[in-house]
Protein chains: 2
Amino acid sequence: MSSDSSSTRTTRLRQRSQDRRENERKELHRLILDAAAELFAQGGYEGFSLRRVAEHIGYSPGAIYRYFDDKDDLLFNVADEGFKRFQSAQRAAALSSDDLAHSMRAMAAAYVAFGREYPNHYRLMFMERPDLLFQSHQDQAVEWLNALSEYQVIFAAAVQAGVLRQGDSAAMSDTWWAMLHGIVALSITMNFLFDEARTEHLLQTALEMFFRAYGSNAL
Amino acid sequence: MSSDSSSTRTTRLRQRSQDRRENERKELHRLILDAAAELFAQGGYEGFSLRRVAEHIGYSPGAIYRYFDDKDDLLFNVADEGFKRFQSAQRAAALSSDDLAHSMRAMAAAYVAFGREYPNHYRLMFMERPDLLFQSHQDQAVEWLNALSEYQVIFAAAVQAGVLRQGDSAAMSDTWWAMLHGIVALSITMNFLFDEARTEHLLQTALEMFFRAYGSNAL
DNA sequence: TATCGTTGTGAACAGTGTTCATTTAGATTG
DNA sequence: CAATCTAAATGAACACTGTTCACAACGATA
């Protein structure tokens with residue numbers, strides 16, 4: 001009994017200490033990631049450096065390598081969190097209305113809003129280093145592709161609901177994406193030309209164009 | 001007479017040697033710029049370094065600073081040459097037909113073709129560092145803005161010619177640009193998704209959308 | 001108590017842009 | 001021709017960057 005109880009006690013102790021160490025690991029992992037996201041959001045891709053992240057959290061640069069393979073690995077995690085936020089905003093917009101035409105407009109608005117709110121994340125995800133999310137981590141890449149193919153599902157549903165006319169729904173989806181990406185990219189990159197008002201006006205004009213061309217009540 | 005002739009002779013000599021030195025300066029300026037453009041076109045923005053340019057032409061890194069203020073200054077000149085090419089291609093497309101609808105399609109095709117042919121230049125000009133061309137060199141910035149406003153001239157002409165319906169021609173121009181930029185940017189950044197065929201199909205679909213919505217024969 | 005394994009450090013390496021004193025070489029002058 | 005002056009090119013330095021690795025510290029385990 002004594003040996004048995006001591007055995008379980010030590011087992012429990014070992015378990016607890018192991019858990020605690022694991023938590024500490026996760027905490028530092030989070031600390032690094034948060035600091036990285038913050039510094040990245042502020043300084044963008046160019047001004048981002050591991051040494052600054054390390055200094056910001058009070059560790060030596062080498063310590064980061066215990067938690068991330070690479071600078072790219074760290075950037076991937078930053079981008080991935082951005083994408084999760086992006087995706088959830090898109091989903092919320094998609095579900096915001098029963099009217100698919102309204103949903104699509106809400107999604108477009110959310111798309112542009114995300115780009116303008118997190119320009120550096122958008123840059124990283126869709127402009128600078130999309131390879132981070134498609135090439136390096138193939139498991140995540142599948143998630144991304146699924147998310148992107150959700151657009152096609154919505155377009156198919158919109159066609160079936162009579163909101164969009166019939167046609168090449170894959171091409172429609174590409175056009176939709178290119179249109180929104182063009183607006184956001186110009187707004188981010190040429191922000192001295194495209195202030196919020198001009199961007200908003202551009203978005204409305206583009207949506208009008210899209211639905212005038214592809215809406216079911218067009219010709 | 002002898003003093004006079006010798007005076008003119010030395011003057012001529014001085015003139016010639018000065019010209020030659022000036023030519024040598026221009027030659028090295030060109031040599032650096034060409035090497036930079038080549039290395040940049042190959043390696044893109046990230047892989048581009050002054051030291052590599054210097055090594056490529058057989059000079060020490062510091063020598064470049066006799067001919068360019070900065071790395072940015074050198075990049076500006078690379079981008080500027082890209083823009084001149086871009087602009088001349090656009091102009092040629094604009095003048096390629098009397099039919100403004102054809103001209104616009106040709107300009108769109110030339111726009112996308114430029115992006116796909118010189119992706120790194122396009123990135124630099126319109127995605128990575130547009131500040132190089134708008135902020136730092138204000139005299140050049142005016143040229144750029146004029147070039148961009150040429151679009152609006154064409155749109156106004158298209159409206160007057162009855163090719164496009166009347167409306168907010170500035171917004172139409174923005175939409176046109178955003179559409180083309182979106183297509184090129186996606187094609188460049190997501191080149192593993194958008195191969196040439198898909199990009200071409202996307203362009204045609206987008207043009208169809210544009211003219212369906214804004215063409216004069218639309219409702 | 002001794003051993004082991006993990007963690008963080010600090011120094012090093014190769015690379016970057018940039019500056020500057022110094023050499024080099026060609027042009028100009030006496 | 002000799003001396004001087006000027007412009008160019010260099011090479012070494014500085015402050016950065018990402019990354020690696022031997023080593024020290026320290027808590028967990030035996």
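**Close-ups of a predicted protein–DNA model**

**View 1. What sits around DNA strand D.** There are 21 residues around DNA strand D, and the closest are A:Arg20, A:Arg51, A:Asp70, B:Arg25 and B:Ser60. Here a residue counts as near a strand if one of its heavy atoms lies within 4 Å of it. Of the atoms of DNA strand D that come within 4 Å of the protein, 64% belong to sugar and phosphate. Sort the surface near DNA strand D by class and you get seven nonpolar, five polar and nine charged residues. For the sorting, Ala, Val, Leu, Ile, Met, Phe, Trp, Tyr, Cys and Pro are nonpolar, Asp, Glu, Lys and Arg are charged, and the others, Gly among them, are polar.

A quick note on the model: it's predicted, so local features need pLDDT of at least 70 and side-chain atom pairs count only at pLDDT 80 or more, while totals for chains, interfaces and linings use all residues. Residues are numbered from 1 along each chain as its sequence is written, chains are lettered from A and ligands numbered from 1 in the order in which they are written, and side-chain values use heavy atoms, with hydrogens and water left out.

**View 2. Side chains at the phosphates of DNA strand D.** B:Arg25 has a polar side-chain atom 2.6 Å from a phosphate oxygen of DNA strand D. Helix H1 (2–43) and helix H2 (50–57) of chain A, plus helix H1 (2–43) of chain B, each give two or more residues to the surface near DNA strand D. Helices are DSSP runs (H or I, at least four residues), numbered from the N terminus.

**View 3. Where chain B meets chain A.** Here 40 residues of chain B are in contact (heavy atoms within 4.5 Å) with 40 residues of chain A. The two chains bury about 3,500 Å² between them, 69% of it on carbon and sulfur atoms. Buried area is the accessible area (1.4 Å probe) that two parts lose on being put together, summed over both. In chain B, the residues losing the most area to chain A are B:Asp174, B:Met209 and B:Arg212, together 16% of what that side buries.

**View 4. A salt bridge between the chains.** A:Arg198 pairs up with B:Asp174 in a salt bridge, with the closest N and O atoms 2.9 Å apart. The term means a side-chain nitrogen of Lys or Arg within 4 Å of a carboxyl oxygen of Asp or Glu. Chain B and chain A have two salt bridges between them.

Definitions and conventions: A polar contact is a pair of N or O atoms within 3.5 Å; within protein, one must be able to donate a hydrogen and the other to accept it, and residues adjacent in sequence count only if both atoms are side-chain atoms.
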